[in-house]
Amino acid sequence: MKRSFGWKVVVNAAGLYLISTYLVQSVQIDGPLAVIVAGLILGIVNALIRPVFFILSLPFTLITLGLFTFIVNGFMLKVTDWLVPGFSIPGFWTAVWVSILMSLFSTIVNALVGDSRKHY
């Protein structure tokens, strides 16, 4: 099911908060406003910049059987890091690790929420 942009921002913000608080303490978020702005900027970056990088990296993605996608997602997190004051990821490989955790978090949340529309 196609989720709305607002839903993606909420899931991004919640995932960043939970991951930075409980799993990867080196990710720094300076308060609730920073996590909301980071979720919003990550959503915008994923909507505008990620498709271009995904197309350009398609040969690497095919060769690595899709694993290069985590590298692209890590770069999107670093772009968000550069754009949002109060949000910091200390290194590129930490960003890749956070991108893997964010993918797992988003998959779990979307599976738990499910599709509210009825299919006939």
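This is a predicted model: local features need pLDDT of at least 70, side-chain atom pairs count only at pLDDT 80 or more; totals for chains, interfaces and linings use all residues.
Asparagine 12 sits in helix α1 (residues 5–23), where helices (H or I, at least four residues) and strands (E, at least two) are simply DSSP runs numbered from the N terminus. With a relative accessibility of 12%, asparagine 12 counts as buried; the cut-offs are under 20% relative accessible area for buried, over 50% for exposed, and partly exposed in between, using a 1.4 Å probe and protein chains only. Setting aside residues up to four places away in sequence, asparagine 12 touches Gly39, Leu42, Gly43 and Met102, a contact being heavy atoms within 4.5 Å.

A word on the model. Residues are numbered from 1 along each chain as its sequence is written, and side-chain values use heavy atoms, with hydrogens and water left out.

Zooming out, the protein chain has six helices and two strands, and from the N terminus on the order of elements reads α-β-α-α-α-α-β-α. For 120 residues, a compact globule would come out with a radius of gyration near 14 Å, and the 15 Å of the protein chain agrees with that; the radius is taken over C-alpha atoms, and the globule rule is 2.2 Å times the number of residues to the power 0.38. The C-alpha trace spans about 45 × 35 × 25 Å along its principal axes. Of the 120 residues, 34% count as buried. The chain exposes about 7400 Å², with carbon and sulfur atoms supplying 74% of it; these areas come from the Shrake-Rupley method with a 1.4 Å probe, and for residues only the protein chains shown count as cover. Among contacts between residues at least 6 apart in sequence, 64% join residues at least 24 apart.

On to helix packing. The axes of α5 (residues 68–83) and α6 (residues 92–113) come within 8 Å and cross at roughly 110 degrees. That makes α5 roughly perpendicular to α6, since angles of 65 to 115 degrees get that label, those under 35 count as roughly parallel, those over 145 as roughly antiparallel and the rest as oblique. Axes here are lines fitted to C-alpha atoms, for helices over the stretch in contact, and angles run from 0 to 180 degrees between N-to-C directions. On the α5 side, the residues that meet α6 include Phe70, Ile71, Phe75 and Leu77; their partners in α6 include Phe92, Trp93, Val96 and Ile100.

Threonine 61 lies in helix α4 and is buried, at a relative accessible area of 8%. Leaving aside neighbours within four places in sequence, threonine 61 is in contact with Phe54, Gly66, Phe68 and Thr69. Leucine 65, in the loop between α4 (58–63) and α5, counts as exposed at 79% relative accessibility. Its phi is near 55 degrees, a positive value in a residue other than glycine.

Glycine 86 and leucine 67 are 19 residues apart in sequence and 29 Å apart in space, C-alpha to C-alpha. Beyond its neighbours within four places in sequence, glycine 86 contacts Gln28, Ile29, Asp30 and Ala34.
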